Amino acid sequence: MSEKRTEIGQLGEFGLIDKLSEGFSNTNSETALGIGDDAALIDSGDHYTVLSTDMLLEGIHFDLSFMPLQHLGYKAVAVNVSDIAAMNAVPKQITVSLGLSNRFSVEAVEELYKGVRAACDSFKVDLVGGDTTSSGSGLVISVTAVGVADKSLISKRSGAQIDDVICVTGDLGGAYMGLQVLEREKQVFMANPNMTPQLEKYDYIVQRQLRPEARMDIIHELKDLKVVPSAMIDVSDGLASELFHISKQSQVGMKIYEDKLPIDKQTYDTGYELNIDATTATLNGGEDYELLFTVSKADMEKLKKHPDIHFIGYVQEQSAGNIMITKGEREVALQAQGWNHFNN
Ligand code: ADP
Ligand code: MG
């Protein structure tokens with residue numbers, strides 16, 4: 001190791017991944033797609049095997065003072081299934097690895113696994129292995145998901161074409177707004193432990209944060225409608241960051257309209273109360289685990305009647321950049337803020 005020291009925060013998460021992967025090339029002909037998408041693709045003859053992994057750390061990704069263990073188990077699986085879905089693939093197996101400090105009892109780990117089991121049932125995946133070790137501090141849960149995809153149905157981040165329509169499922173910004181509510185209630189509770197948190201009013205957005213769903217329902221519906229997205233990614237880091245990933249890898253520009261962004265009323269109302277702009281939460285919040293994808297204009301016709309797929313803009317020339325037309329009809333350049341754990 002040289003004397004030089006570069007802070008990880010200087011590069012950011014994506015810069016670090018780029019730097020680390022620089023010296024690697026694939027030597028196996030089965031490796032059809034490596035680092036850089038939601039999941040890797042392995043050529044298995046008549047289909048692709050799809051592979052993705054994600055790790056959640058206590059204190060970074062979750063706070064056990066408001067995250068019930070069952071929900072955490074469910075979420076850890078759902079976020080991996082979401083990455084498999086983002087390739088237009090179907091998950092089949094998972095492995096789950098745990099790092100446990102002595103703070104956790106057998107009963108606590110059983111609670112966590114109730115959530116893992118609920119997710120296995122809900123997404124029809126089999127738990128086939130994992131690893132269990134002790135951890136110096138806190139809880140670590142890492143899940144690897146394996147899926148399958150028809151070769152002709154795969155959607156990478158790199159396939160968006162100029163004039164394609166940009167689509168997003170469900171609603172956005174809620175998970176971030178839910179987290180703000182939970183953190184506020186935690187502060188109130190710590191200041192006065194006799195206060196019970198008042199969360200009924202925020203039930204939807206709190207659930208968006210604590211127990212997100214992977215949109216496998218959409219993947220099955222797209223197949224039934226015979227629509228293959230030209231590009232797809234899941235919304236884990238915030239819409240702006242995901243738009244930039246598609247833009248960079250497809251070498252196109254993205255144009256979205258603020259008034260088309262699907263935002264739930266509870267997200268708006270809470271934003272108003274907390275003085276957080278709902279559009280900002282949508283663009284930079286993250287953890288909604290909805291699907292962002294592009295389709296041809298012909299395919300858009302087939303999706304028009306779908307109640308949970310929203311058209312938010314168009315793919316344009318790369319030179320036109322990534323922009324949003326605001327409600328006031330101003331044009332603003334999008335910033336790929338996303339989450340940067342290394343700078344927090
Ligand atoms: P996602 O948000 O979809 O989970 P990430 O942003 O975590 O994706 O990762 C982007 C890409 O970089 C993925 O292909 C992932 O497998 C890869 N990646 C992340 N961390 C590493 C690492 N430490 N070494 C090699 N590849 C990595
Ligand atoms: Mg992803």
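**View 1. The buried surface between domain 1 and domain 2.** In this predicted model, domain 1 and domain 2 bury about 2,100 Å² between them. Carbon and sulfur atoms make up 61% of that area. As for who's who, the domain assignment puts domain 1 at 28–153 and domain 2 at 165–333. In the contact you'll find 28 residues from domain 1 and 23 residues from domain 2. Go by C-alpha atoms, and the centres of the two domains sit 22 Å apart.

**View 2. A salt bridge up close, K75 with E287.** Here the side chains of K75 and E287 pair up, with 2.9 Å from N to O. The count between domain 1 and domain 2 comes to two salt bridges.

**View 3. Polar contacts across the interface.** Seven residue pairs are in polar contact across the interface of domain 1 and domain 2, with both residues of each pair at pLDDT 80 or more.

**View 4. The side of domain 1 that touches domain 2.** Helix or strand, which one gives the largest share? That would be α2, with nine residues. Sorted by class, the side of domain 1 that touches domain 2 has 16 nonpolar residues, along with seven polar and five charged ones.

Terms used:
Residues are numbered from 1 along each chain as its sequence is written. Chains are lettered from A and ligands numbered from 1 in the order in which they are written. This is a predicted model: local features need pLDDT of at least 70, side-chain atom pairs count only at pLDDT 80 or more; totals for chains, interfaces and linings use all residues. Side-chain values use heavy atoms; hydrogens and water are left out. Domain bounds come from an automatic or database domain assignment. Contact means heavy atoms within 4.5 Å. Buried area is the accessible area (1.4 Å probe) that two parts lose on being put together, summed over both. A salt bridge is a side-chain nitrogen of Lys or Arg within 4 Å of a carboxyl oxygen of Asp or Glu. A polar contact is a pair of N or O atoms within 3.5 Å; within protein, one must be able to donate a hydrogen and the other to accept it, and residues adjacent in sequence count only if both atoms are side-chain atoms. Helices (H or I, at least four residues) and strands (E, at least two) are DSSP runs, numbered from the N terminus. Ala, Val, Leu, Ile, Met, Phe, Trp, Tyr, Cys and Pro count as nonpolar, Asp, Glu, Lys and Arg as charged, and the others, Gly among them, as polar.
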